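Please keep the sequence and the model in view while reading.

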Amino acid sequence: MSDKEKFNASGVENGSTDNLKNKNAASPEANEEKASASESSAKADFSHSVEYETNDNWQFDASAPATENDVVGENGVEFELPKPKPAPAKKEEPAPQGFEPQGVVIKKETVTAVLSSLIAVVIIAILVVLGVRYYTVPNSNEKMNPGNVVMTVGNTDVSVGMYNFYYQNIVKQYVQYASNGYYDIDLSKDFSTQYTTDDDGNEISWQDRFKENTTELIKKNTIYYQKGIESGITLTDAQKEMIETQLDNIKNAASSANLGVNEYIAQTYGDNCGLETLRKYLEQNYISSVYYYQQQIKLRPSEDELNAYFKENENDYKSCSYAILEAEYDTSSDATKKAAVDNAKAAIAKITDEDSMKALIPEFCSDLISKYISAGYFTDESDAVDAFAGAMDSSSVKSDVESNFGEDIADWMFNPDTAVGSLNYYADENAGVIYIIMKTSQPALDSDSASKVYSVRHILVIPESGDDDSSSSSSSSTATKEYTEEEWAAALEKANSILDEYNKGDKTELSFAELAEKYTDDTSSTSVNMNNMYGGGIMDTQLGQMVSDFENWAIDSSRKYGDVEIVKSSYGYHIMFFISYCPQYMYDAENQYITDLINDDADSAAKTYYEKERIGMRNAEVATPSSSYVTSVTSSYNQ
């Protein structure tokens, strides 16, 4: 996977994609195959007055897009909801095979009663010494008394505040997407009485879904944190400084709100979540994400391995084009469901081509159009109809179609025997939407040269200047700062020194990435800003996004993996490391290859790093329709 991809990216569950509001907006239904490896770390961007270092000295013509599967939660906390896996069936442990001498009768009932009495006496004595609060009451200071421990993963205890931090943001995202039409959740009713399905098709309440997602995400994040610690990863000085900067901004926000800092954090991020909770989260996130990024590099396949993988899975990377219309699907009764299906079938009977399909928008999509106008997405019907028409055409690989419309539709669409122009429908109960789908092409690999992407790493050395504006940003393709010959010479000398250090080492991609973390002036391509980048990585990049000197080197046909060279641009000297320049589908194949390996590692680790629910779980938050984070999200959508 690329360094730009989310460490914690993963799908929630299969559902619909809202093509009308934002065709590029990420939905929580992103499929697990693309990103389940990344789900091992959630990210925090405590955006209350937080000012990041924003790549002041190195501006691209256009910023490289972030991963598709990102979800930005309320209050700036960024999560990708994990696709929950059913808990393994609990096995009864066999009783120890003890040895009883013949002729000796043990009165087990008497022994049990005596032991129970002794245990009760011990518990009472402990409560007298430590106090009842020690065993029952959580805290916001990350003190791990029994009442404050929700679960233990491996050798790491998870506090009530940490659990609530994850839980609250996961619920907020579900509520946000339900408000936006992605899920059929009644936000005014008890979530424990509303049901969805898990990955195996079993019925599960939304309340259980929230908890399951939370515990699964915490477990995965904690596993990679512990593996990072075991591999020797520690916080850098820059990361420590960034943590303190973010916490200082939280303190300032609390002061502006005339609240104590822990009171403010609890209101914003969850009960019993305090400053030390956020500190621990940020520290764990840095270590777990760096471990994950390093695994991406270590698991990169050879050319032969990648070609073999692609040959075996070629059909997974073929795209199929289709046109789509969506209408409201009322799931309140069997009668309303049937009416919606009958309406879709009647509309299909009127369609002969894409033009006739577009002509049906005012009639077939009328309920959704009215809903979106009322919500403020469109000013009038004409505006809405134009938006529906503009969002009608799509092209996707089979896994994405299956994620959005189910296995049957994916099989139908990608079957070569299904003729171009064929029509079908799909009713999505979770989203409350029914779709009419027209196949507009046969599946094929995208051969358009414009779809090629390149991936490199770079270490940027900017000439040092005594001027105050030497770090000013520029949005143009050429730097606004002019440097003297002496300044350029000093920068080149520094670049050569870094290159010499690389050449004296093992000369691997990982060693280059570690030098980038240490030396580059382009901190936006490193882990320090928690922006899903690592080691100077500029990945999955289309032509035209970088300055010409940088790009011309990256797309040179003579390049081979591991090539390293110093390139001068108007921004400074770039020590370049070449990774690939290939069609998008080959990049995606490599991405998936690495993802599969990391998933295997995560599954193996999950067997070693056990998870145990603790007494503090009774103090954890449970979402209700009147909860502050439910009310705040729904209110924002009703404005």
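## Salt bridges between helices

A salt bridge is counted here when a side-chain nitrogen of Lys or Arg lies within 4 Å of a carboxyl oxygen of Asp or Glu. The model is a predicted one, and with that cut-off the structure holds 20 salt bridges.

Lys 350 pairs in this way with Glu 363, and the closest N and O atoms of the two side chains are 3.2 Å apart. This pair links distant parts of the chain, with Lys 350 in helix α10 and Glu 363 in helix α12 (residues 361–364), 13 residues apart. Lys 350 has a relative accessible area of 45%, and is therefore partly exposed.

## Two further pairs

Which residue does Arg 279 meet in a salt bridge? The partner of Arg 279 is Glu 244, and the closest N and O atoms are 2.4 Å apart. Because Arg 279 belongs to helix α8 and Glu 244 to helix α6 (residues 237–256), the pair ties together parts of the chain that are 35 residues apart in sequence. The two partners fall into separate accessibility classes: Arg 279 counts as buried because its relative accessibility is 18%, whereas Glu 244, at 31%, counts as partly exposed.

Lys 398 and Asp 411 also meet through their side chains in a salt bridge, with a distance of 3.0 Å from N to O. Lys 398 lies in helix α15 (residues 398–405) and Asp 411 in helix α16 (residues 407–414), so this pair ties together parts that are 13 residues apart in sequence. Lys 398 counts as partly exposed at 26% relative accessibility, and Asp 411 is likewise partly exposed, with a relative accessible area of 35%. Elsewhere, salt bridges that share partners join Arg 300, Arg 457, Glu 509 and Glu 590 into one network.

## Helix α18 and its cover

Glu 509, a member of that network, is also among the buried residues of helix α18 (residues 509–519). What covers the buried residues of α18 includes the helices α8 (275–298) and α17 (485–504), together with the strands β12 (453–461), β14 (564–569) and β15 (572–582).

Where does the structure carry a negative surface patch? Such a patch is formed by Asp 184, Glu 328, Asp 330 and Asp 367. Within this group, Asp 330 lies in the loop between β8 (319–328) and α10 (334–350), and Asp 330 counts as partly exposed because its relative accessibility is 37%.

Glu 216, found in helix α5 (residues 206–230), is by contrast buried, since its relative accessible area is 14%. Although Glu 216 and Glu 611 are 395 residues apart in sequence, their C-alpha atoms are 9.5 Å apart in space.

## The chain as a whole

The protein chain has 21 helices and 16 strands, and buried residues make up 51% of its 639 residues. Among contacts between residues at least 6 apart in sequence, 74% join residues that are at least 24 apart. The accessible surface of the chain comes to about 29600 Å², of which 48% belongs to carbon and sulfur atoms.

Key: Residues are numbered from 1 along each chain as its sequence is written. This is a predicted model: local features need pLDDT of at least 70, side-chain atom pairs count only at pLDDT 80 or more; totals for chains, interfaces and linings use all residues. Side-chain values use heavy atoms; hydrogens and water are left out. Patches are made of residues with over 30% relative accessible area and no salt bridge: like charges are joined within 9 Å, nonpolar side chains (Val, Leu, Ile, Met, Phe, Trp, Tyr) within 5 Å. Accessible areas come from the Shrake-Rupley method with a 1.4 Å probe; for residues, only the protein chains shown count as cover. Lys and Arg count as positive and Asp and Glu as negative; His and the chain ends are not counted. The place of a charge is taken as NZ of Lys, CZ of Arg, CG of Asp or CD of Glu. Helices (H or I, at least four residues) and strands (E, at least two) are DSSP runs, numbered from the N terminus. Buried means under 20% relative accessible area, exposed over 50%, partly exposed in between (1.4 Å probe, protein chains only). Contact means heavy atoms within 4.5 Å.
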